[in-house]
Amino acid sequence: MKDALDDLKITLVEESRLPQVDLLHLTFGTVFSDHMFIADYIDGRWQTPEIRPYGPIELYPGAKVFHYGQAVFEGMKAFKDEEGRVFLFRPDKNFERINRSAWRLAMPPIPEEFFMGGIKKLIELDKDWIPDGEGASLYIRPVYIAIDNQIAANASRNYRFMIMTSPAQKYFSGEVKVKIEQHYSRACAGGVGFAKAAGNYAAQFMPTMEAAKEGYTQLIWTDSKTHQLVEESGAMNVFFRIGDEICTPELTDSILPGVTRDSLLTLGRDQGLNMVERKITVDELVDAAESGELKEIFGAGTAVTVLPIKGFGYKDKYYPMPELDNPIAGILKQMLLDIQYNRAPDPYGWRVRVL
Ligand code: COI
């Protein structure tokens with residue numbers, strides 16, 4: 001089995017597209033850097049990986065990914081510090097997670113050399129695409145798909161692993177309001193909600209579009225049986241400040257175990273904050289909002305970082321959050337960014353220098 005990058009084949013772009021890109025004004029995920037990594041798994045063996053100019057790939061219309069959604073992905077970022085050094089943030093977590101997602105979707109594991117080595121090589125080649133400044137990063141998107149040209153609803157034999165990168169600024173612009181979903185479900189017990197499976201995202205689009213008509217940016221998903229237990233928000237995990245507690249739903253098999261979620265729990269605990277993972281019910285949130293105990297809601301995710309939420313909607317009623325002078329979300333976000341951008345010591349060993 002080939003799992004080393006020694007014989008990585010590299011084809012460089014003839015001319016970089018970078019001069020045509022305004023790195024200060026980017027719509028998230030719309031611009032891709034010059035190169036991508038690609039490796040196929042054919043008949044039980046990884047083939048020689050390749051880096052080539054970012055561009056279209058060829059697949060048969062019969063490829064299983066199109067019919068059965070056998071696909072998983074990851075979201076990561078590379079950060080540039082003031083001296084131009086480049087760091088990844090906890091990439092081991094993403095590597096573990098993509099292989100856990102792959103396992104759930106009956107896909108063979110991706111070799112670490114391909115995942116880590118592919119990302120590092122791409123960053124070396126496309127380092128000039130990393131935007132400068134607070135909030136800016138190079139978003140990294142590894143994606144893994146089933147490519148058998150066969151209309152049969154069973155696991156593919158052959159797969160393709162790719163990595164692309166995209167210079168990024170903010171994910172959401174403007175105020176974010178969320179609606180607690182009471183009818184549709186993102187995931188269910190025993191399902192694939194804990195995996196970063198492509199279909200988990202498609203399942204959210206229609207209900208999210210419906211909520212957008214009422215002025216909401218995102219949904220907060222609840223458990224599929226009772227719609228009482230808060231789960232996550234699709235593009236991010238969620239935290240609530242209720243009284244002296246900063247709580248987030250405890251992980252289940254229908255919640256994505258976010259790297260940012262995990263990092264905030266650690267950072268907060270080390271600051272002496274009462275960070276709690278537990279079951280959170282919708283009734284509790286409504287009561288806490290009505291009594292004034294619910295002080296903050298914020299999202300946590302790689303793309304959004306830490307995102308303050310203005311308020312939530314539930315059963316035709318909107319519950320705004322109070323305006324605070326020094327919200328916990330802001331404190332945690334600053335601590336996280338200071339580690340990510342190499343402005344603060346990293347006692348956890350989360351930063352991984354690439355360049
Ligand atoms: C990320 O936070 O990186 C994700 O993959 C979520 C996605 C919806 C942008």
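Helices here are DSSP runs of H or I with at least four residues, strands are E runs of at least two, and both are numbered from the N terminus. The model is a predicted one, in which local features need pLDDT of at least 70 and side-chain atom pairs count only at pLDDT 80 or more, while totals for chains, interfaces and linings use all residues. Residues are numbered from 1 along each chain as its sequence is written, and side-chain values use heavy atoms, with hydrogens and water left out.

**Helix H2**

The expected span is 1.5 Å times one less than the number of residues. The buried residues of H2 are Pro91, Asn94, Phe95, Arg97, Ile98, Asn99, Ser101 and Ala102. Buried means under 20% relative accessible area, exposed means over 50%, and partly exposed lies in between, with a 1.4 Å probe and protein chains only.

In soluble globular proteins, nonpolar side chains tend to be buried together.

Now centre the view on Phe115. Leaving aside neighbours within four places in sequence, Phe115 is in contact (heavy atoms within 4.5 Å) with residues including Glu74, Met76, Pro91, Phe95, Ile98 and Phe161.

**Aromatic rings**

Show the aromatic side chains. A search of the whole structure finds 21 aromatic pairs. Rings of Phe, Tyr and Trp (its six-membered ring) pair if their centres lie within 6.5 Å; planes under 30 degrees apart count as stacked, over 60 as edge-to-face and the rest as tilted. Tyr171 and Phe172 make an edge-to-face pair, 4.8 Å centre to centre with 80 degrees between the planes. Of these two, Tyr171 is partly exposed at 35% relative accessibility, whereas Phe172 is buried at 15%.

Move on to Phe239 and Phe298, whose ring centres are 5.2 Å apart and whose planes are at 0 degrees, so the pair is stacked. Phe239 belongs to strand E12 (residues 237-242) and Phe298 to strand E15 (residues 294-301), so the pair ties together parts that are 59 residues apart in sequence. Phe239 is buried at 0% relative accessibility, and Phe298 is buried with a relative accessible area of 0%.

One aromatic cluster is formed by Phe37, Tyr41, Trp46, Phe95, Phe114, Phe115, Tyr144, Tyr159 and Phe161.

Lys177 lies over the face of Tyr318, at 5.2 Å from the ring centre, and Arg351 lies over the face of Phe87, at 5.7 Å. A charge sits over a ring if NZ of Lys or CZ of Arg is within 6 Å of the ring centre and within 35 degrees of the ring normal.

**A loop glycine**

Select Gly133, in the loop between H3 and E8. Gly133 is partly exposed, at 40% relative accessibility. The C-alpha atoms of Gly133 and Glu82, 51 residues apart along the chain, are separated by 8.4 Å.

**Helix H7 and two positive phi values**

Helix H7 (residues 328-340) has 13 residues and reaches 18 Å from its first C-alpha to its last, close to the 18 Å expected at 1.5 Å a residue. Its buried residues include Ile328, Leu332, Met335 and Leu336. After H7 comes Asn342, with a positive phi near 60 degrees. Asn342 lies in the loop between H7 and strand E19 (351-353) and is partly exposed at 23% relative accessibility.

Finish at Thr305, a residue other than glycine with a positive phi near 60 degrees. Thr305 lies in strand E16 (residues 305-308) and is buried, with a relative accessible area of 11%.
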